[in-house]
Amino acid sequence: EQELFAKERLWPEALIQLNPAYALGASVGDLCNQGKLHPACADIFCDDRGRPFTLYYHQEAAIECALRREPYVVTSGTGSGKTLTYFIPIFDAVLKSNPAEARVRAIIVYPMNALVNSQHNALDELKQRYQRRTGQPLPVRFAKYTGQEGETERNAILESPPHILLTNYMMLELILVRPRERRFVDRAVAGIEFLVFDELHTYRGRQGADVALLIRRLRQRCGNPNLICIGTSATMVSDEQMGTGERRRAVADFASKIFGTAVPPENVIEERFRPLSPLADVDPQALRAAVENPLPDTAEELRKHPLTWWIERHLGFRTAADATSERCPPLTLSEAAKRLARETGLEETQCREALRAALLLGTRLRE
């Protein structure tokens, strides 16, 4: 009773962590104009108005790795657009070399069929948007192949293999041993250039060893020793004491063992952040006044508010020991209020209410 009710073991206070704004890179249109991507990529990866997507730093860096034909791992947060880090270079490669040919060019492996279905729906939306805008069919074809498809659908995929095959690792194992699916992987009829493993961190222990051997068999079967292996994950290293260099080396070592090819640490691509608050620093007196006085009414004023600066640096991202930026560990509202109270000399209750009001206001103004 003491543990359940007094200490609230089963319903602890919620943790809070902001999703920081990511550093921007070039747009898809810029990369097309520079001759790095096929011109059609700008028409495919764009919004409803036909404006090419502006990429984040980590997305552009991943595309550059793919253009160099090197393996890489992207470790960025949920919602950071990791799928574009491999779909854009795959689409580009297909568009540059006879897209009319029905050959599998990329296999993308997800740990769960739910993720396969979700990604297939996202690609289908991209396809529909392209067809509405241009009146033409999407030149790059894709299909999911997980074992959940009906006989008619499976036969259609086997008859005309897609450029991109979305599957899971157990189905990939079956593809390698079943003669009827040799068109997907055999060097004489397939043209596999990319192998992507989403949520790479899930393949550990015995399962990781199985997947590592599976990748080696696939490389031998497809006849491409230079197969470009790509991994994505939001959580690869949990040790908060590691610096950027140590983190990258740890991820690179893990990916190299899984993929059976050397992944250099510089090809471990991490997220970069850009501050929303324009303030470089805030003194304790200004922070105290911000807590004591009413919050502003507009998004622009809130962005410049000292409390916004404090929230971003305690719940968003912070400067690491090696001068790089990293996400702040999540805190409860009570823990954050205690920190703010220590810095301002105000009551913890007052700080808690100020933080709560600022977070709710920020959410409403964003909507």
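Mentor: A charge sits over a ring if NZ of Lys or CZ of Arg is within 6 Å of the ring centre and within 35 degrees of the ring normal. This is a predicted model, where local features need pLDDT of at least 70, side-chain atom pairs count only at pLDDT 80 or more, and totals for chains, interfaces and linings use all residues. Residues are numbered from 1 along each chain as its sequence is written, and side-chain values use heavy atoms, leaving out hydrogens and water.

Trainee: Which charged end sits over the ring of Tyr-57?

Mentor: That of Arg-272, 3.8 Å from the ring centre.

Trainee: Next, how many aromatic pairs are there?

Mentor: The count is 9. Rings of Phe, Tyr and Trp (its six-membered ring) pair if their centres lie within 6.5 Å; planes under 30 degrees apart are stacked, over 60 edge-to-face, the rest tilted. Phe-87 and Phe-91 make an edge-to-face pair, with 6.4 Å between centres and 85° between planes.

Trainee: Where do Phe-87 and Phe-91 lie?

Mentor: Both are in helix H5 (residues 84-95), 4 residues apart, about one turn of the helix. Helices here are DSSP runs (H or I, at least four residues), as are strands (E, at least two), numbered from the N terminus.

Trainee: Why does Phe-91 count as buried?

Mentor: Because its relative accessibility is 0%. Buried means under 20% relative accessible area, with a 1.4 Å probe and protein chains only. Phe-87, at 2%, is buried too.

Trainee: And why is the pair of Tyr-169 and Tyr-203 edge-to-face?

Mentor: Because their planes are at 85°, with the ring centres 5.9 Å apart. This pair links distant parts of the chain, 34 residues apart: Tyr-169 is in helix H8 (residues 169-177), Tyr-203 in the loop between strand S8 (194-197) and helix H10 (205-222). Both tyrosines, Tyr-169 and Tyr-203, are buried.

How values were computed
Buried < 20%, exposed > 50% of the residue type's maximum accessible area, 1.4 Å probe, protein only.
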